[in-house]
Amino acid sequence: MQPRNMSMSGVVDLAAVKAAQEAKAKAEQARAEQARQGGGGAVPPSSLVIDVSEADFERAVLQRSTEVPVVIDFWAEWCEPCKQLSPLLERLAAEYSGRFVLAKIDVDANQMLMQQFGVQGIPAVFAVVAGQALPLFQGAAPESQIRGTLDQLVQVAEERFGLTGIAVDPEAEGAAPAAQEAPAGPYDALLEAAVQALDAGDLDGAVQAYKNVLSDDPGNTEAKLGLGQAQLLQRVQGLDPQQVRKDAAEKPGDVQAQIAAADLDLVGGHVEDAFGRLVETVGRTAGEDRDAARVRLLELFEVVGSDDPRVTTARTALARVLF
């Protein structure tokens, strides 16, 4: 069950699966058997996202994949990009309403599954369709690309394997948690106050205003971007650019010097330089130094925005040096 190289277009490889017809026949047979046993009824939305371990993988993923495509999210608690991707996948699972099921696998607790799928870095996302394992993508990709991949998965699963998904009963027990949406509080005034504070040079006020929004709405994209920018400006305020760059050039092993130089790079619009500097620092350090460089790089990703192709490229480079 070893998938091929990962890419956002990996799902199109479904058409090349040699055992497609056999898999489709097995899926149809499994659905028929389930129908005879009285299964296949509507499920609550809470059943669309499940935690899976090595012990229940066969039942929860392989057997379930004869009814509906199962998307697998390989994640870990320490993985910062996972904290962005996993909630997005959970939201999309609810939105797609039974056209796929999301299985979350903690790699720290399920090393064997990680090895079987050939996972090189996380977050990593695969699909299992009628027992066939397929690579989808790696890293916290933009939502638009993820939607495109899921649309391809759903389409080909239906056309190639006859999998049309499962029925979801929004009134069933457990529906409320999955159906809840992020609060749409009155944040316009707070966001405007943050912008005005930035314009006035009141960085502390801007940071606090953005934090006030995020305390109620942690997923607010505008507030996250604004907070990252305000905090970046706070960090470079009062720095001597010449001295910072001199220190970074003369002390390549000084992580704090490289972090400060990366901040200045980004403020000056040199995005690739900032990212490249920190990726190199992560690659040649270890322990707390490495973690400090990695965390700052993730913070700079937030400043630029996850949809920026330079962030996508840097995430890939970071994954290579980490794993």
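The model is predicted, so local features need pLDDT of at least 70, side-chain atom pairs count only at pLDDT 80 or more, and totals for chains, interfaces and linings use all residues. Residues are numbered from 1 along each chain as its sequence is written, and side-chain values use heavy atoms, with hydrogens and water left out. Helices (H or I, at least four residues) and strands (E, at least two) are DSSP runs, numbered from the N terminus.

**Sheet**

- Five strands form an open sheet with mixed pairing, in the order S1-S3-S2-S4-S5; two strands pair if DSSP finds at least two bridges between them.
- The edges are held by strand S1 (49–51) and strand S5 (132–138), each of which has a single partner strand, so one side of each is left without a neighbour in the sheet.
- On average, neighbouring strands of this sheet are turned by 25° against each other, direction ignored.
- Strand S4 (residues 124–129) pairs with S5 in the antiparallel sense, over six bridges.
- Within S5, Pro135 is the bridge partner of Phe126.

**Aromatic contacts**

- Rings of Phe, Tyr and Trp (its six-membered ring) pair if their centres lie within 6.5 Å; planes under 30 degrees apart count as stacked, over 60 as edge-to-face and the rest as tilted.
- By this rule there are six aromatic pairs.
- Phe117 and Phe126 have ring centres 5.1 Å apart and planes at 70°, so the pair is edge-to-face.
- Phe117 counts as buried at 1% relative accessibility, and Phe126 counts as buried at 2%; buried means under 20% relative accessible area, exposed over 50% and partly exposed in between (1.4 Å probe, protein chains only).
- One aromatic cluster is formed by Phe57, Phe74, Phe117 and Phe126.
- Lys104 lies over the face of Trp75, at 5.2 Å from the ring centre; a charge sits over a ring if NZ of Lys or CZ of Arg is within 6 Å of the ring centre and within 35 degrees of the ring normal.

**Helix pairs**

- Axes are lines fitted to C-alpha atoms, for helices over the stretch in contact, and angles run from 0 to 180 degrees between N-to-C directions.
- Helix H11 (residues 255–267) packs against helix H12 (residues 271–284) at an angle of about 165°, with the axes 7 Å apart.
- H11 is therefore roughly antiparallel to H12; angles under 35 degrees count as roughly parallel, over 145 as roughly antiparallel, 65 to 115 as roughly perpendicular and the rest as oblique.
- H11 passes H12 in a left-handed crossing; a crossing is left-handed if the near helix is turned anticlockwise from the far one by less than a right angle, and right-handed if clockwise.
- Helix H7 (residues 188–199) and helix H8 (residues 203–216) have axes that come within 8 Å and cross at roughly 165°.
- H7 and H8 are therefore roughly antiparallel to each other, and the crossing of H7 and H8 is left-handed.

**Backbone details**

- The peptide bond from Ile122 to Pro123 is cis, with omega near 0°, and Pro123 is in the loop between helix H4 (111–116) and S4.
- Ser97 is not a glycine but has a positive phi of about 50°.
- Ser97 is in the loop between helix H3 (80–96) and strand S3 (101–106), and counts as partly exposed at 39% relative accessibility.
- Ala130 also has a positive phi, near 50°, and is placed in the loop between S4 and S5.
- At 11% relative accessibility, Ala130 counts as buried.
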